[in-house]
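User: I have a sequence and a model open here. Can you walk me through the strand pairing and the charged contacts?

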Amino acid sequence: MDTAAISIFPYRQNPEGQFFPVIPLRLSFRTQIIDSSALIDSGATISVFRPDVAHDLGLDIENGKEIYLGGVGGRIKGYIHKLELEIAGKKFLFPVVFSNEYLVSFNLLGRESVFKHFRIIFEEKKNLLKFE
């Protein structure tokens, strides 16, 4: 029997009554550590976070590697940074794009570097997300 630890996260409900797989996480950059949250997005290759998160970490967005991202909402210019991420008791480095043009309500946690650390199970019927 597999004895891997499982972390279960209930989906979060927005003001309109919709449920989303948003999980708590901790980000570290140099000496700054902040608690935040992100929507688990299996359709996103890389993680994209709002500019206020970069500000809270004391990070200058434009010091990263410039990149252009395209998606359903159009194309935005952003900058890739490597941060330490802690989810469900595991810590690892991951690439994240910060953009002053990213103005949606959720940070997005994409597949790159994140999905290889866990077996991720979406239980839509129960509004649960499992990280194993």
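User: How do strand 8 and strand 9 pair, and over how many bridges?
Analyst: Strand 8 and strand 9 (residues 90-98) run antiparallel and pair over 9 bridges. Two strands count as paired if DSSP finds at least two bridges between them; strands are DSSP runs (E, at least two residues), numbered from the N terminus. Before we go on, this is a predicted model: local features need pLDDT of at least 70, side-chain atom pairs count only at pLDDT 80 or more, and totals for chains, interfaces and linings use all residues. Residues are numbered from 1 along each chain as its sequence is written, and side-chain values use heavy atoms, with hydrogens and water left out.

User: Which residue is the bridge partner of glutamate 84 in strand 9?
Analyst: Glutamate 84 has leucine 93 as its bridge partner there.

User: And strand 4, which way does it pair with strand 8?
Analyst: Strand 4 (residues 22-29) pairs with strand 8 (residues 74-87) in the antiparallel sense, over 3 bridges. Arginine 26 is partnered by glutamate 86, and leucine 27 by leucine 85.

User: How many bridges join strand 4 to strand 5?
Analyst: Strand 4 and strand 5 (residues 32-40) are joined by 8 bridges and run antiparallel. Valine 22 stands opposite leucine 39 in strand 5. These two strands also make a hairpin with 2 residues between them, and arginine 30 in the turn has a positive phi of about 55°.

User: Is strand 4 mostly covered or mostly open?
Analyst: Mostly covered, with 6 of its 8 residues buried. Buried means under 20% relative accessible area, exposed means over 50%, and partly exposed is in between (1.4 Å probe, protein chains only).

User: What is the strand order in the open sheet?
Analyst: The order is 1-12-11, 3 strands with antiparallel pairing. Strand 1 (7-10) and strand 11 stand at the edges with a single partner strand each, so one side of each has no neighbour in the sheet. Neighbouring strands here are turned by 15° against each other on average, direction ignored. That angle is taken between axes, lines fitted to C-alpha atoms, and such angles run from 0 to 180 degrees between N-to-C directions.

User: What about strand 11 and strand 12, how many bridges there?
Analyst: They pair antiparallel over 4 bridges. Glutamate 123 has leucine 128 in strand 12 as its bridge partner.

User: Switching to charges. How many salt bridges does a search of the whole structure find?
Analyst: The search finds 5. A salt bridge here is a side-chain nitrogen of Lys or Arg within 4 Å of a carboxyl oxygen of Asp or Glu.

User: Which residue does lysine 126 meet in a salt bridge?
Analyst: Lysine 126 meets glutamate 123, at 3.7 Å from N to O. Lysine 126 is exposed at 58% relative accessibility, while glutamate 123 is buried at 18%. Glu123, Lys126 and Lys130 are linked in a network of salt bridges.

User: How far apart are the closest N and O atoms of arginine 50 and aspartate 52?
Analyst: They are 3.0 Å apart, in a salt bridge. Arginine 50 is partly exposed, with 21% relative accessible area, and aspartate 52 is partly exposed too, with 34%.
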